There are 4 protein chains.
Amino acid sequence: MPIRILITGGTFDKQYDEIHARLVFKESQVGEMLRLGRCRVEVNLRTIMMVDSLDMSDADRQAIVQNCRQCDEEKIVITHGTDTMVETAEALAKATGVERKTIVLSGAMIPYAFGSSDGMFNLGSALSFVQVLPPGVYVAMNGRYFLWNQVRKNRQTGVFEAVV
Amino acid sequence: MPIRILITGGTFDKQYDEIHARLVFKESQVGEMLRLGRCRVEVNLRTIMMVDSLDMSDADRQAIVQNCRQCDEEKIVITHGTDTMVETAEALAKATGVERKTIVLSGAMIPYAFGSSDGMFNLGSALSFVQVLPPGVYVAMNGRYFLWNQVRKNRQTGVFEAVV
Amino acid sequence: MPIRILITGGTFDKQYDEIHARLVFKESQVGEMLRLGRCRVEVNLRTIMMVDSLDMSDADRQAIVQNCRQCDEEKIVITHGTDTMVETAEALAKATGVERKTIVLSGAMIPYAFGSSDGMFNLGSALSFVQVLPPGVYVAMNGRYFLWNQVRKNRQTGVFEAVV
Amino acid sequence: MPIRILITGGTFDKQYDEIHARLVFKESQVGEMLRLGRCRVEVNLRTIMMVDSLDMSDADRQAIVQNCRQCDEEKIVITHGTDTMVETAEALAKATGVERKTIVLSGAMIPYAFGSSDGMFNLGSALSFVQVLPPGVYVAMNGRYFLWNQVRKNRQTGVFEAVV
């Protein structure tokens, strides 16, 4: 069965608007990244929203939950801004109707469009973890995976670390 | 326990020699790639050889087996040229002394140094699979993983595919 | 005689701060760009300031003028934000003490650090124009050069165009 | 009047063939490079050949001469492999029918497709020199320009240097 990839925006997908000299969202680049990675995993991409995760509302989170609940796929990767990735993971873990699914949230510290990105590395990582981990809600960052309630983002270092 | 990364060369690590206008091996770039990927998995890197996998001898394969056998780590990623990756996987699977280890071979179709590489994607993928797969010898390419005896490289397309 | 390169910041030199998810100035990358370009022109680099050209004050412009006046070199390239490049060119053209110098201002629409930059192209262009143009103050953008009073930036398109 | 750009191949335009793991010529990337450089100089591109300059024959050189002679443009940039760039410059300088034209040969040490290329820098440089230099045949490399008979490529360093 294919893997569902839900796109929500985040640093992952930010681009540079050269006319206004600022970072913006345009089309998601996840499809292009999969092509560059020569990915041959069968995936279904869906862009739910394109937002900075600091701007994500409760309604946005419920839309993500709803997408996970309703899709046929049992393995789901969600691209997401890093700042509130753990909050969305919690919303998913506490929702009903997704208990039998493996859901992996991932993102990037550097926009893919900026060349030296961790996005390709994280995308390869998230797509791999989702194939082998048992049902549950996980965050995959920095080459590691964490259960939703055992992780936090260290805002000083930008690194995701285990909560002990 | 940390993950052992054994470096053997392959397209992954080829660079461009601008004086002689050809592809060569210099220092491995795997450490730099892990840094760019903001990888925080504890890893021990060791460069065993830097060769094109078409030039890999039986003695080279035995050196790889020996490294897997002797290292303390039980999870091992091997970066390897794609052309004979499956042969090395077979040599490992048939060797004694590595039965309790999870060994994942991976590589790239495009040198990392050439920008649009699948190397970052594959490295993220291999490092993730090795953390969760049970003991055995695997090939991780194109976002997928295969048991050593269920995969071949399609030389026309450059894609690794399941042997049925 | 070497060419003086005065660095003032601008989009050219913006980098991505991954902790705060915003564009910032760190060290100038002009030296690295010259190295990548295999540049063998003898140059003396000096960073005067690192500012967005929209934030450039009259005092900043006078500092640029003063640097051009006092340096020994007769050929000067100034890296500069595009938004007020023409204003700084005008300040230079109307200043005393720089009449015998060839001064070329250039910049970029995309930060060099973001990979697909016009910065390398413009830097090669500005360094070339300055070697062959007669004394005067010029803007070099989009592969073209303009006398200071015959150019404007079209803010809709981001392109520098001749004023007729 | 527009500038003629004649494309002959060279390292500039080499790409990586991932199926056969070697450097090859496909379509020229000069048009794409001009687009990335936000170039607004009016140019007419023509691909005459796509060869390694070590493989360039006398007939190939005569084809280049003939193209320079017959085109309407009086300013011509030629992209060319670095190894025999000086020989082609000599053939052009000794030919009849091009005396009133400004011809600038340029190239790259690193293929543009490999990211860290000097190609963007050199293209910006060559296009700028050709706009201001008087009629004659020049080599533009490393940010500098040389008259055809005052330059050689140093094969140890890959740098073009003045012949004294």
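In the C–D pair, 28 residues of chain C are in contact with 28 residues of chain D. Keep in mind that this is a predicted model. Chains A and B also meet, with 28 residues of chain A touching 28 residues of chain B.

**Chain C against chain D**

- About 2400 Å² gets buried between chain C and chain D, and carbon and sulfur atoms account for 67% of it.
- Looking at chain C's share of that burial, R38(C), R40(C) and F121(C) bring in 26%, more than any other three residues.
- You won't find salt bridges here: the count between chain C and chain D is zero.
- Polar contacts do turn up, with eight residue pairs between chain C and chain D (both at pLDDT 80 or more).
- On the side of chain C that touches chain D, at least two residues each come from α1 (30–36), α4 (119–132) and β8 (144–147).
- The top contributor to that side is α4(C), with 11 residues.
- By type, that side of chain C has 14 nonpolar, 10 polar and four charged residues.

**Chain A against chain B**

- The buried area between chain A and chain B comes to about 2400 Å², with 67% from carbon and sulfur atoms.
- R38(A), R40(A) and F121(A) make up 27% of what chain A buries against chain B, more than any other three residues.
- Elements giving at least two residues each to chain A's side are α1 (30–36), α4 (119–132) and β8 (144–147), and α4(A) has the largest share, 11 residues.
- The residues on chain A's side split into 14 nonpolar, 10 polar and four charged.

Definitions and conventions. Residues numbered from 1 in each chain as written. Chains lettered and ligands numbered in written order. Predicted model: local features only at pLDDT ≥ 70, side-chain atom pairs only at ≥ 80, totals over all residues. Heavy atoms only, no water. Contact = heavy atoms within 4.5 Å. Buried area = accessible area lost by both parts, 1.4 Å probe. Helix = DSSP H or I, 4+ residues; strand = E, 2+ residues; numbered from the N terminus. Nonpolar A, V, L, I, M, F, W, Y, C, P; charged D, E, K, R; others polar. Salt bridge = Lys/Arg side-chain N within 4 Å of Asp/Glu carboxyl O. Polar contact = N/O pair within 3.5 Å; in protein donor to acceptor, adjacent residues only side chain to side chain.
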